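Subject: Structure for your files

Dear colleague,

Please find the structure below. My notes on it follow.

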Amino acid sequence: MPITPAQCRAARALVEMDQASLARAANVSRNTIVSFEKGQRAPNANNLGAIKAALETAGVDFLESGEAASGAGVALRGGEAD
C-alpha cells in the first residue's frame, strides 16, 4: 500500500521525527521527503518503500481507508516508538 503525503507528515509527527531524521533513516535525500510531503512529486517506488519502512520501524502503523474512521491514516503502535 503506498502512503500519501499527509500520512507521511502525520506519521513523522506521531514519532516526533523531523524530515532530516526520516531522510537519514530511509537513506533518501531530505529534498525527497520535502517535495513528497508538499505534494510536489512522488518518490520512486523504492524510495517510497524505504520511507514507509523507516516510519514503521519507528513505531507507526499505516491504516488503509477501510481501517480508519475517515479514510487512510496512521496510528502509533503502543509503546514501541522512542
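Predicted model: local features only at pLDDT ≥ 70, side-chain atom pairs only at ≥ 80, totals over all residues.

Residues are numbered from 1 along each chain as its sequence is written, and side-chain values use heavy atoms, with hydrogens and water left out.

Helix 4, continued

Leu48, Ile51, Lys52, Ala54 and Leu55 are the buried residues of helix 4. Here buried means under 20% relative accessible area, exposed means over 50%, and partly exposed lies in between (1.4 Å probe, protein chains only). Seen down the helix axis, these buried residues fall within an arc of 160°, so they line one face of helix 4. The arc is taken from the directions from the helix axis to the C-beta atoms. An α-helix has 3.6 residues a turn, so residues three or four places apart point the same way. The face turned away from the buried side carries the exposed residues Ala45, Asn46 and Thr57.

Cover for the buried residues of helix 4 includes helix 1 (5-14), helix 2 (19-26), helix 3 (30-37) and strand 1 (60-63). At the start of helix 4, a side-chain oxygen of Asn44 comes to within 3.0 Å of the backbone nitrogen of Asn46. Just after the helix, Gly59 has a positive phi of about 115°.

Core and overall layout

The protein has 4 helices and 2 strands, in the order α-α-α-α-β-β from the N terminus on. Of its 82 residues, 39% count as buried.

The largest nonpolar core has 19 residues. Such a core is a set of buried Ala, Val, Leu, Ile, Met, Phe, Trp, Tyr and Cys residues joined through side-chain atoms within 4.5 Å. Ile3, Cys8, Leu22, Ile51, Leu55, Val60 and Phe62 have the most contacts inside this core. Two or more residues come from each of helix 1, helix 2, helix 3, helix 4 and strand 1. Helix 4 gives the most, with 4 residues.

Leaving aside neighbours within four places in sequence, Ile3 is in contact (heavy atoms within 4.5 Å) with Cys8, Phe36, Leu48, Ile51, Lys52 and Phe62. Of the contacts in the protein with a separation of 6 or more, 49% are between residues 24 or more positions apart.

Single residues

Ser35 lies in helix 3 and, at 8% relative accessibility, counts as buried. Its side chain reaches the backbone oxygen of Thr32 at 3.4 Å. Leaving aside neighbours within four places in sequence, Ser35 is in contact with Gln40 and Arg41.

Most residues other than glycine have a negative phi. Glu16, in the loop between helix 1 and helix 2, has a positive phi near 50° and counts as exposed at 74% relative accessibility. Asn27, in the loop between helix 2 and helix 3, has a positive phi of about 60° and counts as exposed at 71%.

Regards

Technical notes. Polar contact = N/O pair within 3.5 Å; in protein donor to acceptor, adjacent residues only side chain to side chain.
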